[in-house]
Amino acid sequence: MKSLTEYTLPPLEWHRQARAWYLEMLEDQPVYFDETNKCWWVFRYDDVAHVLKDYETFSSARLMNGAQSESIITLDPPRHRQLRTLVTQAFSARAIAAMEPRITRIVNDLLAQVKPAGKMDVMEDLAYPLPVIVIAEMLGLPREDWPKLKAWSDLILGDFTQEQGNAELADEKWVPQEIMQEMYTYFFQALQARRIEPRDDLMTQLLQSEVDGQSLDDQELFSFCITLLVAGNVTTTNLIGNAILCFNNFPEAMEHLRAEPELMPRAIEEVLRYLPPIRKPGESDSVIIGRTVTTETMLGEKTLRKGETVMVGLASANFDRRQFPNPERFDITRDPNRHLSFGHGVHFCLGAPLSRLEARIALNAMLQQLSDLRVDSDATLEQVRSGVVFGVKNLPITFTPS
């Protein structure tokens, strides 16, 4: 089995190698048992969709520090459904659509700060702050806290590219206790303030919610806040960065979008399929895409036994020729485009509509306001060193302000 954990590879070269590996496994070993890690890897679209949809056979439940997690990511129905319902309204199509003017203002404010210079770092100047500011405002947290919230989010997902003041941190797979305590204190103080004075935000909504007549306890509230924080920013950040990488690599697509900005929603779906903000199976956190077999079952002519772990290849499924004609072609007009980058089934990404909206506004604004946009050819792009997401740490571009 090939390993693609070399974060020093140029991002698009890593992706080229990953694509070749996906196509090889899709044909030769679509359901593969990894003897080293003692888990199954599943690559084909139909098999991946089946595992994600059949939560009774393939459970998301996980034990954290010996106790059952209360994160909606690591729960099965009915508990998962009960908790997810608490915030579904905040992420409904109507609620997200109502946020468009506010998101547009944030994007324009961020671009206004860099346009006079004729250059910017897409990640630092736009893709990092935008989604964190948006989810912070939804939770009711101060906008100016976004750098701290972003740093916590990256640490939770294992982004070791950030300067942490600890050379050994890159070898750790957990959040240091002092950082965890800092997060606990921050969110508990914010929750306590809302107990005293309720506000029109997600944290107040969670405090006032009940499941079977019971309010959420402090641990459940903290877990919810962390889940919303992470899910509300990391996908969008890397979606925006990966889109600019694709547009730069396929300039005809960028010109097509300048002429027909109404195609941006389809283009975003193709970026999600072609260059998804997720890593290949085996490099991804099993908490996110891993499932546990609850009863012996067959998958791709293989027998999976109770208690075994299944890792689903969300990215590889996006290159399955049975689902996507010419999968190696980047086609912003591709339709239909039922990629699995946001998951499938009961754990389909709650924040997908928000991520799509933020990316559409940000990318259209960049293409309309920044003429001659191109990635700096002299820049060395660094991959985000995360076991969960794929993206770049830096993305310097030059342009002529329109």
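Predicted model: local features only at pLDDT ≥ 70, side-chain atom pairs only at ≥ 80, totals over all residues.
Biologist: How many residues are in the largest nonpolar core, and which have the most contacts inside it?

Modeller: The largest nonpolar core has 136 residues. Those with the most contacts inside it are Phe91, Leu130, Phe187, Ile244, Phe247, Met366 and Ile397.

Biologist: Which helix gives the largest share of this core?

Modeller: Helix H17, residues 352-369, with 10 residues.

Biologist: Take Ile244. What does Ile244 touch?

Modeller: Leaving out residues up to four places away in sequence, Ile244 touches Val122, Leu363, Met366, Leu373, Val375, Leu395 and Ile397.

Biologist: Back to H17. Is H17 largely enclosed or open?

Modeller: Largely enclosed by the rest of the structure, because 14 of its 18 residues are buried. Buried here means under 20% relative accessible area.

Biologist: What span should H17 have, and how far apart are its ends?

Modeller: At 1.5 Å a residue, the 18 residues of H17 should span 26 Å. The end C-alpha atoms of H17 are 25 Å apart, which agrees with that.

Biologist: Which strands does H17 lie across?

Modeller: H17 lies across S6, S13 and S14, and runs at about 110° to S13.

Biologist: What is the strand order in that sheet?

Modeller: The order is S6-S14-S13, in an open sheet of three strands with antiparallel pairing.

Biologist: Which strands stand at the edges?

Modeller: Strand S6 (119-121) and strand S13 (370-375) do. Each has a single partner strand, so one side of each is left without a neighbour in the sheet. The twist from one strand to the next averages 25°.

Biologist: How many bridges pair S13 with S14?

Modeller: Four, in the antiparallel sense, with S14 covering residues 396-401. Ser371 stands opposite Thr400 in S14.

Biologist: Changing topic, how many salt bridges does the structure hold?

Modeller: The structure holds 16 salt bridges.

Biologist: Start with Glu13. What is its partner?

Modeller: Glu13 forms a salt bridge with Arg16, with the closest N and O atoms 2.8 Å apart. The two are three residues apart in helix H1 (residues 11-28), so about one helical turn separates them.

Biologist: How accessible are Glu13 and Arg16?

Modeller: Glu13 has 25% relative accessibility and counts as partly exposed. Arg16, at 43%, also counts as partly exposed.

Biologist: What does Glu27 pair with?

Modeller: Glu27 forms a salt bridge with Arg322, the closest N and O atoms being 3.3 Å apart. Glu27 lies in helix H1 and Arg322 in the loop between helix H16 (314-317) and H17, so the pair ties together parts that are 295 residues apart in sequence. Glu27 is partly exposed at 39% relative accessibility, and Arg322 is partly exposed at 46%.

Biologist: And where do Arg266 and Asp335 lie?

Modeller: The side chains of Arg266 and Asp335 meet in a salt bridge, 3.7 Å from N to O. Arg266 lies in helix H14 (residues 264-274) and Asp335 in the loop between H16 and H17, so this pair ties together parts that are 69 residues apart in sequence.

Biologist: Is Asp335 buried or exposed?

Modeller: Asp335 is exposed, with a relative accessible area of 58%. Arg266 counts as partly exposed at 37% relative accessibility.

Biologist: Which residues do salt bridges that share partners join into one network?

Modeller: Glu27, Asp320 and Arg322.

Methods:
Residues numbered from 1 in each chain as written. Heavy atoms only, no water. Core = buried A, V, L, I, M, F, W, Y, C linked by side-chain atoms within 4.5 Å. Buried < 20%, exposed > 50% of the residue type's maximum accessible area, 1.4 Å probe, protein only. Contact = heavy atoms within 4.5 Å. Expected span 1.5 Å × (residues − 1). Salt bridge = Lys/Arg side-chain N within 4 Å of Asp/Glu carboxyl O. Pairing = 2+ DSSP bridges. Axes fitted to C-alpha atoms, helices over the stretch in contact; angles between N-to-C directions.
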